[in-house]
Amino acid sequence: MTETSINSLNIPAFQQDLLRWYDENKRDLPWREDQDPYKVWVSEIMLQQTKVDTVIPYFQRFIEKFPTVYELAEADQQEVLKAWEGLGYYSRARNLQNAVREVVSNYGGKVPDDPKELGSLKGVGPYTKGAILSIAYDQPEPAVDGNVMRVFSRVLRIEEDIARQKTKKLFEDHLREIIPHEDPSSFNQAIMDLGASICTPTSPACLFCPVQEHCQAFAAGVEEQLPVKKKAKKQKKIRYVVLLAKNSSGQYAIEKRPEEGLLGNLWQFPMIPIEEVGEDHTGNWFYDEYGIALRISGKKGELNHVFSHLIWDMEIFDAEVLTDDSDNGRLEFTDPDKLQSYPFPVSHQKIRTYITDDPGNNK
Ligand code: SF4
């Protein structure tokens, strides 16, 4: 980035070209029906790491179930996780509910429009804060995420590594100069739409771009080389044995994950790191990690699940519960047809189909 890249942008003309395009091309999205800050908040949290098409049905069901902050604040956490099931990154849902509870108890149910108060809520980082303040409250606040950095790294030809916190700050500073004070709501949404439909990560459609004449990367023919993003570290792989452990009443063992950390408070089938079980775990094998005796039998399948920082490499086995001590506090035994009512992460939803799709369990 050069000192002059922002200075050589004709800001009023850029705003005008972008807003005119947005006015004619804006996407029809359910959270755009009104400027309700709660709905903007829910949508922005769901949209983190998740595509718009995936989010739409989740958003609609979520708002139907929890139409205002009050219903969400009062809901049981398991109900909220269930409504989030399949979207991943479940801490988003837990933080959202905790923050909404704070809005109800400390702010009379009104999502704060003060940047400091809003930013102090759990899970509301600079991006979400900027999105709510600009979209719902028409404040000229930047909302900088990967999409916005991609667009502006091209428009301003910024060649810094966007994975660095310092670079994000640089974009925020520039955005503060570029956002209009009149209708910042449309401006930020226009950038989001431009990034989603025209200035895409690969092969940007520059020929159809409403801000092409302002774009310094296009002028230099380097748009495909931007943004610069250094590769993250390779994910760590952990091998697990997952057990479909059935007791003599035909019920399956499931456990709740700890409240803190990855996939907190979601349910899963018992899952044991392979080094604790040993490579040679097929055949008859007893395991009492959970306070019950199990015999691991036939292998059902394999599954890989990739998170941003690690990979679960899972082998799935049938297992027979030999003692029936369901008071061990860690496991719960449930009938096959009740498994659907628990919130499971995506990987264990897939594993659940070994049971729910088995005609032997659906008599
Ligand atoms: Fe993106 Fe191309 Fe438009 Fe520049 S001209 S903003 S690279 S789509």
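This is a predicted model: local features need pLDDT of at least 70, side-chain atom pairs count only at pLDDT 80 or more; totals for chains, interfaces and linings use all residues.
Trainee: Which residues surround the ligand?

Mentor: A residue is near a molecule if one of its heavy atoms lies within 4 Å of it. Here the ligand is surrounded by residues including Arg154, Val155, Cys199, Cys206, Cys209, Cys215 and Glu223. The shell divides into eight nonpolar, one polar and two charged residues, where Cys and Pro count as nonpolar, Asp, Glu, Lys and Arg as charged, and Gly as polar.

Trainee: Which residues does the "domain: HhH-GPD" annotation cover?

Mentor: Such annotations may be inferred rather than shown by experiment. In this case the unreviewed UniProt entry assigns residues 46-197, a span that is 66% helix and 0% strand (DSSP runs, helices of H or I with at least four residues, strands of E with at least two).

Trainee: Is strand S2 mostly covered or mostly open, and with which strands does S2 pair?

Mentor: Buried means under 20% relative accessible area with a 1.4 Å probe and protein chains only, and four of the five residues of S2 (residues 252-256) are buried. Two strands pair if DSSP finds at least two bridges between them; S2 runs antiparallel to S8 (residues 331-334) over four bridges, and antiparallel to S3 (residues 267-268) over two. Glu255 has Leu331 as its bridge partner in S8 and stands opposite Gln268 in S3.

Technical notes
Residues are numbered from 1 along each chain as its sequence is written. Side-chain values use heavy atoms; hydrogens and water are left out. Buried means under 20% relative accessible area, exposed over 50%, partly exposed in between (1.4 Å probe, protein chains only).
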